Amino acid sequence: MEPAEVEFLAEKELVTIAAQFSLDRIHLIGGDLGPFNPGLPVEVPVWLAINLKQRQKCRLIPPEWMDVGKLEEIRDQERKEDTFTPMPSPYYMELTKLLLNYASDNIPRADEIRTLVKDTWDTRMAKLRLSADSFVRQQEVHAKVDNLTLMEINTTRTFLTQALDHMYKLRTNLQPGESSHSQDF
Amino acid sequence: MAAAGGDSNGDSDSEEMLLTPAQLIHSLEQAWLNEKFAPELLESKPEIIECVVEQLDHMEANLKRAKKGDLKVSVHHMEIERIRYVLSSYLRCRLVKIEKFFPHILEKEKSRAEGEPSVLSPEEFAFAKEYMANTEAYLKNVALKHMPPNLQKMSLLKSVPKPNLDSFVFLRVLEPQENILVEPETDEQREYAISLEEGSQHLIRYRTVAPLVASGAVQLI
Amino acid sequence: MAAERAMELVRELHRAAGGHLPPFRTDVLRQALEEMRALYERNQADVSEAKSGRTDLIFLIRFRHCCLLRNQRCLLAYLYDRLLRIRALRWEYGSVLPNTIQFHMSAEEVEWFSRYKKSLATYMKSVGGEEGLDLTQDIKPPKSLYIEVRCLKDHGEFEIDDGTTILLKKNSQHFLPRWKCEQLIRQGVLEHVLS
């Protein structure tokens, strides 16, 4: 899967904005949005929040977890534990990237947030490399991967599954296909 | 969702009425991700495609009548773009698999029992048959018919690689399962059973969970 | 004699990485087919000898047969792999391939390609309502983003997704949805203004 596709999925997550316009409820195929009233908080998918923000039609209210104090706790917890700790959002990495790119003026201490999320991500990727390595070495056939987010899975998917495929092929010594009949003999 | 398995007359509106448009889009996204990650071609979902297309057409027709320059209209257009992308990407992904595995898919279709759901939609079936005929005719004309008599026959079924059902996939459990038998990788290891708790995520061979993917009990991720 | 020519074809494709399509090697294909005929004829002769007692020929007959199978396998792999590359080009370039690529295709490949295009068009027309669904579009996920663009030449009226029309006049600047501009940027009508 392309990173752009993971980002596409992340854009479906809901965030709160304060609209700077009024509009009745919008009946989208995927569900209703609104009504929108100036200054009142309303939940919209990220794709719409970014679009409205770009057109200067809203102010973003950052998700609760996008906060220096909370993210420090998350980072420390991640460093302390050997396993993967639960993340505040299944798309924490993509949302951080998207919201900081397009609405950093609405997010207090944006630079610190970027660093904290990056640190957490790096810690998790280091764990992921270790567990992938031990999975392959131990010739495991099943692993629980709770709390791993899609973007994290995606960064190791191709390498890990192809490595496993190759090892499997080497072990199971595939039978060659049947050959056609020899010349009349 | 997708209860209309054996129903081949294509008129399954009554069953689809149970899905709200939002649920319908959700089913499309699930089918899309499953198709992306499954090594083999999954059962086609003609009823979902049909309903999504209907929703898109209906919305586009409404928008043509709407006031120009309206913020609302642009929001609807953005949503349509997103849904159309998922739909196109899903169908594209299926076509790629059909072109990659056509002899095996057509063989499976041939041996399908009556009443058993087809893995191909009627349109995909037509496409696969043409693709096979076109490719066979080409190889025959350019090479096979010029070869010695005992080498003029060639089985695409034996020559074109099969999907690798033993490849590993990531999944999330939607409906809990007990006693899933996991085959060992080496002779020294023993077969063992695992249970899949709702919401848990796993890395496992596709072959082990293929029936659960088909039934919708797990979602590939 | 041992399927060298057929192997040469496979090697050539293997070297042409990244889905590149090298010129079709009609001459080498013909030589390989001739080699197969020669091998077969010699085997025919030796088979009748072997039947009348020359069992020492059996090994040689077997060897030639293996060469024949290898020839068959390599030639078919060469032809089939080229079809896969041509197929991929349909998705990359659309239904009309650039001349430089067409020059590298054999007449039979062109025919295969036009049939493939036809099947694909029929399929795409049959899905997605009345007008069908062009699956070669929407390759990348849509981005609901707006970008600043400058108009490089007069293009006339242009409808954006919310139904409004704007006039694309030379040197005018606009703030437009990215997905609506991409094609015009490729065509050289608009350029992305980087702030």
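Reader: Let's start with chain C. In what order do the three strands of the open sheet come?
Author: Keep in mind this is a predicted model. The order in chain C is β4-β1-β5, with antiparallel pairing.

Reader: Which ones are the edge strands?
Author: β4 (173–177) and β5 (190–192) of chain C, each of which pairs on one side only.

Reader: And by how many degrees are neighbouring strands of this sheet turned against each other on average?
Author: By 45°, ignoring direction.

Reader: How many bridges join β1 to β5 there?
Author: Three, between β5(C) and β1 (residues 146–151) of chain C, and the two strands run antiparallel. In that pairing, Leu190(C) of β5(C) sits opposite Cys151(C).

Reader: OK, switching topic: the contact of chains A and B. How many residues does each chain put in?
Author: Chain A gives 31 residues and chain B gives 35.

Reader: On the chain A side, which elements supply at least two residues each?
Author: β2 (26–28), α2 (46–54), β6 (142–144) and α6 (150–171) of chain A. The largest share is from α6(A), with seven residues.

Reader: What's the make-up of that side by class?
Author: On chain A's side touching chain B, there are 16 nonpolar residues, 10 polar ones and five charged ones.

Reader: Back to β6(A): which strand of chain B is it joined to?
Author: β4 (residues 201–205) of chain B, through three bridges, and the two run antiparallel.

Reader: What stands opposite Ala143(A)?
Author: Leu203(B), in β4(B).

Definitions and conventions:
Residues numbered from 1 in each chain as written. Chains lettered and ligands numbered in written order. Predicted model: local features only at pLDDT ≥ 70, side-chain atom pairs only at ≥ 80, totals over all residues. Contact = placed C-beta atoms within 7 Å. Helix = DSSP H or I, 4+ residues; strand = E, 2+ residues; numbered from the N terminus. Nonpolar A, V, L, I, M, F, W, Y, C, P; charged D, E, K, R; others polar. Pairing = 2+ DSSP bridges. Axes fitted to C-alpha atoms, helices over the stretch in contact; angles between N-to-C directions.
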